[in-house]
Amino acid sequence: MAHEENILRRHDLASLTLVEQGFHSGPLAEAAKAAPSVERRSDITPEQFRQEYRRQNRPVVLEGYAADWPAVRTWSFDHLAERCGSVRVIIDSYNSKAAREASLAEFVEILTAGRAANRSPVYLQEWYYKTSCPELARDMPELDIAQYDFRRNLYGDSASTNHQLWLGQQGGITRLHQDSYMVDVMHAQIVGEKRWHVMGPKAVLHSDDRGEPDLAALCESPDTQLMQSVLKPGDVLFLPAMWFHRIELLTDSIGLGRKCLDEANLQMHMHQRMAELLALALNYDEVKQSHPELVDVVMTRNRVWANRMNIDLARLRP
Ligand SMILES: O=C(O)CCC(=O)C(=O)O
């Protein structure tokens with residue numbers, strides 16, 4: 001299998017840990033602290049958003065764009081536990097050693113007790129709430145600026161509005177990553193605050209002559225475009241496809257992760273989808289060996305995708 005030179009794009013645990021450590025001490029940590037802010041705009045029209053940010057692949061925080069959502073006005077952790085407490089969720093699903101199942105009510109109890117006892121943070125990441133608690137959707141109306149999502153044409157309405165909730169305790173972290181399949185990020189903050197660090201799609205972390213990651217070179221390169229932003233309730237962050245992002249919860253936090261596929265990225269989207277499918281179909285053993293942390297999640301995603309598209313996996317020909 002091809003070797004990924006850019007350490008930022010590797011998915012093995014050692015590389016992920018190394019990059020995360022970079023945010024805690026050394027040149028990357030210093031640069032992250034001093035990083036300029038992502039542009040913030042309020043009172044922007046959908047047309048201005050399209051022309052000035054989407055078209056130009058520029059990140060922006062739309063201040064208070066979702067401020068009138070019922071979710072932003074009324075939600076708390078207890079409120080969600082009351083409405084969907086019996087639903088089963090996987091806590092810390094991004095950490096294969098810590099991942100465990102619980103009910104949503106138990107998760108909220110663990111989080112509340114953990115906060116009081118200063119225990120290490122718990123994080124419910126990427127909860128596809130629509131499968132188990134779809135009534136929450138009415139508290140987060142679809143955004144007018146997100147109507148361009150081309151996945152609606154490809155996979156139907158339900159796939160394009162299958163957003164995820166991110167619920168976590170202060171101190172929780174989502175490590176630096178890029179989203180798959182060329183989708184834009186449009187993340188709405190609902191409760192609490194979190195800090196995003198972002199880097200442009202051309203950011204590269206190479207090893208130096210001694211085989212050590214050259215974090216200083218990463219920070220010095222103009223391609224890195226390191227920026228930061230603190231999202232507050234009602235803010236919506238737009239991040240064009242392939243931008244790297246790392247998130248740190250400054251308080252207990254609830255956010256809605258939404259994605260949009262720009263038609264301009266359709267070809268690359270299909271290419272990535274096909275590459276993933278072919279790797280799984282033709283090279284499963286090698287993928288399992290080279291990407292042990294990823295293989296299960298990629299299999300699940302592709303099964304869900306096949307299901308959604310009404311594809312019978314037992315059939316070879318229509
Ligand atoms: O909020 C987080 O911790 C991660 C969100 C994220 O990665 C996304 O919405 O794409």
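Trainee: Is Glu63 buried, exposed or partly exposed?

Mentor: In this predicted model, Glu63 is partly exposed, with a relative accessible area of 34%.

Trainee: And which side chain does Glu63 meet in a salt bridge?

Mentor: That's Arg40, at 2.6 Å from N to O. The two sit in distant parts of the chain, 23 residues apart: Glu63 is in the loop between strand E2 (60-62) and helix H4 (70-74), while Arg40 is in strand E1 (residues 40-41).

Trainee: What about Arg40, buried or partly exposed?

Mentor: Partly exposed, with a relative accessible area of 31%. Arg40 also forms a salt bridge with Asp235, and there the closest N and O atoms are 2.7 Å apart.

Trainee: Where does Asp235 lie?

Mentor: In the loop between strand E10 (227-231) and strand E11 (236-239), so its pairing with Arg40 ties together parts that are 195 residues apart in sequence.

Trainee: Why does Asp235 count as buried?

Mentor: Because its relative accessibility is 4%, and buried means under 20%.

Trainee: Switching to Arg41, which residue does its side chain meet in a salt bridge?

Mentor: Glu52, at 2.7 Å from N to O. Glu52 lies in helix H3 (residues 46-54) and Arg41 in strand E1, so that pair ties together parts eleven residues apart in sequence. Glu52 is partly exposed, at 27% relative accessible area.

Trainee: Which residues do salt bridges with shared partners join into one network?

Mentor: Glu20, Arg246 and Glu248.

Trainee: Last one: how many salt bridges does a search of the whole structure find?

Mentor: It finds 20.

Key. Residues numbered from 1 in each chain as written. Predicted model: local features only at pLDDT ≥ 70, side-chain atom pairs only at ≥ 80, totals over all residues. Heavy atoms only, no water. Salt bridge = Lys/Arg side-chain N within 4 Å of Asp/Glu carboxyl O. Helix = DSSP H or I, 4+ residues; strand = E, 2+ residues; numbered from the N terminus. Buried < 20%, exposed > 50% of the residue type's maximum accessible area, 1.4 Å probe, protein only.
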